[in-house]
There are 2 protein chains.
Amino acid sequence: MVSKLDTKTRILDAAESLFAEHGFSDTSLRLITTRASVNLASVNYHFGSKKELIQAVIARHLELFMPLLNEKLTALCAQAEKPSLLDVFNSFVDPLLALEQQSKNGTVIFMQLLGRSYTDEQGHLRWYTTTHYGEVLANITKALLKANPALSSQELFWRLHFTLGTAVFTMGSSGALMDIAKADFNQDIDVEGLIRKVIPYLASGMNTSTETTSM
Amino acid sequence: MVSKLDTKTRILDAAESLFAEHGFSDTSLRLITTRASVNLASVNYHFGSKKELIQAVIARHLELFMPLLNEKLTALCAQAEKPSLLDVFNSFVDPLLALEQQSKNGTVIFMQLLGRSYTDEQGHLRWYTTTHYGEVLANITKALLKANPALSSQELFWRLHFTLGTAVFTMGSSGALMDIAKADFNQDIDVEGLIRKVIPYLASGMNTSTETTSM
DNA sequence: GTCTATATTAAGATAGAC
DNA sequence: GTCTATCTTAATATAGAC
């Protein structure tokens, strides 16, 4: 079985890139099975329905990403009495880049799926994530609070979602953004470069004081 | 003609809220016409196609929002030699809130449409906006550069998109976020409150220096 | 497990009477 | 301008042979 990837994997690979590119609704099973070079009926045989295929695609990424992130965060919290916000956000870099190895463009696809899962009708993601990875989410807030103890849990809640929005939108449209950067500024930047570019922005937002400051 | 809104407006009103809620693809013409209490065929009579209806919905918001924003920005640039970043971002508040008067939940719907226009396959928006409102976009960058002259045009490009991501995501999912805030923190916040809460975050990100800083 | 063939449903769009 | 009725296409899903 070294020869070729099995049908189930081929479907997952094709589905994830098409979902990320066109969204869930605009990606038909015919499109998926054609790209995967498998029979149309095999999706329902292996996954039961399109809905369950969507879940499987998202789950495959989360299963790789979440444990890696959890490791990094617990290590950071164990080692540093008061980590910097940059340290906390930098903990996301390796787990995100690890997705590149699982599938081509894995990092970008993962972020696009995150964004679509939040907005598209199929917003099961929030529920799925919190029930399956509640511990990791708790560790994220724990690390951020160690880095910035002045944050109230309310403020942390809001800023976490501001952060998520920036990250999802930026990485999700990274293809277009990198193209523009190349055309307008002759700037070559890859996914890792983009991640490292957005992190200071995120850290700054998480760090700012609530009061109206003079700038 | 004081009695009832005309068919065309009824369709636009129904379509915009459904598009914002379910996305373009997941909203059928049948759903729209049912909610608008008009005949199915009237969409094609008045707009030609679903695609053109989508454009019309977006255009109606932009036509109200963009001139208002332009006024604020030019006034700010004329009046202040070096406006603060908070001043620049505060210029968006009134134009955004003006959308509330055009249609119920207009502000949130507008931001949701912005987000969907960027991600959904129907990403004509970037083209439409730049060709129709290039002057306003230029004034946005002009104001930001006056407020933070240290920004290179490259950095400004990236941070503008970080900003857009935060705003679109936050406002677009504001319904869910406000519900959670109420349930978890007993915090009552409305759309204007949310806008005012995100602005310091945006200003901070736009202000931060590129260098790795100690935090 | 994989294939062909087909059932079923729902979508966008239009013709033509009023 | 508005309505009913219908055309055409494409989607998900399944039955049943191999």
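Visitor: How much area is buried between chain A and chain B, and what percentage of it do carbon and sulfur atoms give?

Guide: Happy to! Please keep in mind that this is a predicted model. About 4500 Å² is buried between chain A and chain B, and carbon and sulfur atoms give 67% of that area. Chain A brings 49 residues to the contact, and chain B brings 49 residues as well.

Let's turn to the pairings across this interface. Two salt bridges are found between chain A and chain B. One of them joins Lys197(A) to Glu155(B), with the closest N and O atoms 2.8 Å apart.

Now for the elements on the side of chain A that touches chain B. At least two residues each are supplied by helix H1 (7-22), helix H7 (106-119), helix H9 (153-172), helix H10 (174-185) and helix H11 (191-207) of chain A. H9(A) gives the largest share, with 14 residues. Sorted by class, this side of chain A holds 22 nonpolar residues, 18 polar ones and nine charged ones.

To come back to your question, the area buried between the two chains is about 4500 Å², and H9(A) is the element with the largest share of the side of chain A that touches chain B.

Terms used: Residues are numbered from 1 along each chain as its sequence is written. Chains are lettered from A and ligands numbered from 1 in the order in which they are written. This is a predicted model: local features need pLDDT of at least 70, side-chain atom pairs count only at pLDDT 80 or more; totals for chains, interfaces and linings use all residues. Side-chain values use heavy atoms; hydrogens and water are left out. Contact means heavy atoms within 4.5 Å. Buried area is the accessible area (1.4 Å probe) that two parts lose on being put together, summed over both. A salt bridge is a side-chain nitrogen of Lys or Arg within 4 Å of a carboxyl oxygen of Asp or Glu. Helices (H or I, at least four residues) and strands (E, at least two) are DSSP runs, numbered from the N terminus. Ala, Val, Leu, Ile, Met, Phe, Trp, Tyr, Cys and Pro count as nonpolar, Asp, Glu, Lys and Arg as charged, and the others, Gly among them, as polar.
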